[in-house]
Amino acid sequence: MEFELSFIWAMIIAFAVLTYVILDGFDLGIGILFPSAKSEQDKSVMMNTIAPVWDGNETWLVMGGGGLFAVFPLAYAIIMPALYMPIILMLLALIFRGVAFEYRWRTVRWKPVWDFAFFAGSVIAAFTQGISLGALVQGIEVANRAYAGGWWDWLTPFSLLTGCAVVIGYGLLGSTWLIMKTEGELQARMRGYAKWLGIATLGFIGVVSILTPFKDPAYFQRWFTLPGSIFSVLVPALVGLCTWLLFMGLKQNKEAQPFLASLGLFVLSFIGILVSFYPNIVPPSLTIAEAAAPDSSLRFTLVGTMVLVPLILIYTAYAYWVFRGKVKPEDGYH
Amino acid sequence: MLESFTAETLARMQFAFTVTFHIIFPAFSIGVASYLAVLNGLWLKTHDQTYLFLFNYWKKIFAVAFGMGVVSGIVMSYQFGTNWSVFADKTGPILGPLMAYEVLSAFFLEAGFLGIALFGRERVGNGLHMFAVCMVAFGTLMSATWILSVNSWMQTPVGYSINDVGQFIPEDWWQIVFNPSFPYRLVHMVLAAFLTTALVVGAVGALHLLRNKADAAARRMFSMAMWMLIVVAPLQIVVGDFHGLNTLEYQPVKVMAMEGHYDSHPEGGPLILFGIPNPQEKRIDYAIQIPKLSSLILKHDLNAPLAGLDTIPDEDEPPVAVIFWSFRIMILLGFSMLGLGVWSLWRRIRGKLYDDDLLKRAAIVMGPMGFVAVLAGWVTTEVGRQPFTVYGLLRTSDSLAPIDAPAVAVSLIAFIIVYFFVFGAGTFYILRLMNKPTATSDLEINDGPTRTAQNQFIATTAADLKSGAQGDNRGI
């Protein structure tokens with residue numbers, strides 16, 4: 001029973017993190033692409049495609065952190081000090097990026113400052129998220145229910161690589177999102193970027209996938225014994241399918257297909273990471289079951305989650321539906 | 001400068017700094033969200049354009065304040081782990097679920113409906129738009145409910161047991177959520193948020209009334225704010241008293257520090273109105289006090305004995321001077337709010353509410369005082385909990401993460417610089433929005449529809465659109 005509850009929770013937290021990654025992924029991606037805007041109109045359109053939804057997207061990050069605190073307090077207590085610097089940097093970057101949405105409309109003289117804050121904040125947030133991922137994959141030293149490493153352990157060539165991978169990947173999500181939400185010259189330009197960002201993202205996925213099994217022999221084993229080996233066949237095949245859909249979509253000027261295919265790539269990469277991690281929550285040694293809060297905490301939180309998360313998904317979907325369609329410079333949000 | 005501090009001191013400074021900044025925004029946005037719901041409801045009911053105008057006016061201010069609240073709040077939810085990971089591990093099984101409920105039932109609700117509330121009126125129609133506005137307001141109140149339950153459990157922990165690795169384990173969720181100090185703290189804080197907003201709205205109304213006594217929007221704001229004050233300020237004083245009695249029952253040491261009672265008073269304790277705490281000598285210097293009144297207030301008996309800090313081991317004593325002062329600041333401001341309310345009521349009865357310039361000036365001076373009172377109140381209750389994080393059970397010094405002082409020092413400096421820069425700018429923009437005339441519109445910058453792609457176009461057509469009401473319709 002204990003195993004099952006903690007496993008259900010691990011899946012819920014993974015779902016929250018994945019939802020965060022794909023939702024905030026495209027809106028951080030827009031920040032990453034912000035300097036490519038050629039005019040004030042471009043900037044307005046780009047920002048307006050996400051203005052009504054960005055704080056909802058970012059709430060999934062709070063859900064990931066808060067959920068971890070709630071159901072895996074030990075994992076939370078180990079990961080946060082281990083990733084101290086990247087997390088603090090990410091938080092500061094998100095501050096700059098988040099306030100830019102409002103501030104840039106409130107000033108003329110300082111508009112370039114907040115536009116830069118939006119760009120730099122998005123890049124740094126994406127980069128530090130990638131670093132955090134890399135640092136988790138390479139493993140975190142634990143002793144006596146606490147982080148036992150130093151405060152620079154997270155900084156390795158591998159984590160820098162995953163940092164860059166996430167920046168590029170979010171850029172791909174952002175550019176394909178804009179293909180879906182904009183028209184004309186801006187859309188055409190995004191099609192051009194999406195192609196190169198797609199190629200680069202696939203390159204990063206390839207390199208990280210090749211390096212990961214060498215970080216820990218256990219990863220290697222999980223991928224090449226059952227049931228993990230099912231995924232070893234399935235995941236690359238589906239990555240291939242998404243890649244084909246992405247580039248065909250770009251070539252045939254499809255509106256939504258490139259975005260959906262890019263989301264697919266993210267989901268598959270995420271599944272790949274889960275397969276590598278399981279049954280650990282903090283590699284190389286802390287398991288999901290060990291880190292879990294007592295059953296009474298898991299059960300109490302699960303009741304509300306089962307009721308509220310579907311509701312959240314419904315009204316979030318509704319908000320997206322309300323603001324559906326192309327964002328045009330001349331109509332804005334009326 | 002920071003090298004001489006330990007990691008614990010630095011982490012405490014960091015938490016105090018970030019939480020102090022953070023609480024300012026929710027304290028304001030809880031009140032404004034409800035105010036917006038009231039304004040929009042009144043507009044739908046009466047079709048009085050003034051209400052719609054005010055809704056759009058405060059909507060923009062709310063959007064900026066809410067944005068600052070969101071980003072400063074994300075920091076809080078991660079700081080438990082980065083700096084206080086032992087606390088997080090030990091209290092996670094109890095506090096974590098409460099915070100998870102806050103995220104699920106409040107944060108998503110606010111964020112999910114905010115977009116529609118801010119710019120969805122034309123897309124969803126008035127009815128659903130009103131629903132979205134109410135959901136945002138309801139979300140802010142839900143958020144307050146859960147986080148105050150968390151804080152109150154840290155003050156008055158119940159319903160738990162402790163397992164073999166030292167974690168607090170939930171035994172009775174009902175007891176945990178509705179712990180003894182929670183109802184009082186919740187009501188006290190929500191009323192404080194309403195008062196804070198009323199004072200700000202009143203000050204903005206007063207400012208515009210000083211410029212133009214006939215300004216209809218300013219009159220409406222001022223009048224609504226002053227009604228709010230006269231109703232809520234006395235209520236808050238009563239609630240505050242109940243909260244104090246609750247504290248006396250569960251955290252008597254905190255009350256000793258608030259009262260400045262270093263010594264026990266077996267025959268009735270004096271109420272120290274003013275004085276200078278002297279922690280070295282453990283006494284209040286230059287005290288101005290009313291004999292036995294403290295016993296009357298706290299125990300409803302002039303001669304009831306009151307224990308002092310001399311009955312408490314030194315290592316369990318909170319920093320008295322801070323609490324002594326912050327408590328007095330809060331009380332003084334609370335009564336000033338009541339005074340302003342009474343003054344306005346008197347002028348209103350005389351039919352001169354909008355004519356008394358001195359009253360308007362007083363309202364402007366009182367404008368930011370809600371924030372000061374909220375901060376003073378939180379300093380009193382949080383510093384009063386020291387030296388514990390979970391009162392009586394887990395010491396602050398035992399809650400710290402295994403982090404190096406330089407890491408905390410660097411991040412503390414970064415937070416200070418970033419917060420002053422970012423939130424300084426935000427406050428400046430809010431003040432500028434508040435300063436913007438209510439009757440006319442400066443369309444080029446300030447009255448442009450929030451976050452629409454239109455600013456460029458509006459600037460060019462601004463000349464055609466003279467009235468403020470027209471400006472609003474486009475701002476929806």
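For burial, the count uses C-beta atoms placed from the backbone: 20 or more others within 10 Å is buried, 12 or fewer is exposed, and anything in between is partly exposed. Glu249(B) sits in helix α7 (residues 216-250) of chain B. Helices here are DSSP runs of H or I with at least four residues, strands are runs of E with at least two, and both are numbered from the N terminus. From Glu249(B) to Gly69(B) it's 180 residues in sequence and 33 Å in space, C-alpha to C-alpha.

A quick word on the model: it is predicted, so local features need pLDDT of at least 70 and side-chain atom pairs count only at pLDDT 80 or more, while totals for chains, interfaces and linings use all residues. Residues are numbered from 1 along each chain as its sequence is written, and chains are lettered from A and ligands numbered from 1 in the order in which they are written.

Now for chain A. It has 13 helices and four strands, and its C-alpha trace spans about 60 × 40 × 40 Å along the principal axes. Its radius of gyration is 20 Å, which agrees with the value near 20 Å for a compact globule of 334 residues. That radius is taken over C-alpha atoms, and the globule rule is 2.2 Å times the number of residues to the power 0.38. Of the 334 residues in chain A, 54% are buried.

On to the interface, where 72 residues of chain A are in contact with 66 residues of chain B. Contact means that the C-beta atoms of two residues, placed from the backbone, lie within 7 Å. On the chain A side, α5(A) gives the most, with 14 residues. That side as a whole splits into 47 nonpolar, 18 polar and seven charged residues. Nonpolar covers Ala, Val, Leu, Ile, Met, Phe, Trp, Tyr, Cys and Pro, charged covers Asp, Glu, Lys and Arg, and the others, Gly among them, are polar. As for α5(A) itself, 19 of its 20 residues are buried.

Leaving out residues up to four places away in sequence, Trp58(B) touches Val32(B), Tyr35(B), Leu36(B) and Leu39(B).

Most residues other than glycine have a negative phi, and most peptide bonds are trans. Here are the exceptions:

| Site | Feature | Angle |
|---|---|---|
| Pro283(A) and Pro284(A) | cis peptide bond | omega about 5° |
| Gln386(B) and Pro387(B) | cis peptide bond | omega about 5° |
| Asn253(A) | positive phi | phi about 55° |
| Lys292(B) | positive phi | phi about 65° |

Pro284(A) is in the loop between β3 (280-282) and β4 (286-287) of chain A. Asn253(A) is in the loop between α10 (228-251) and α11 (257-277) of chain A, and is exposed with 12 C-beta neighbours inside 10 Å. Lys292(B) is partly exposed, with 19 other C-beta atoms within 10 Å.
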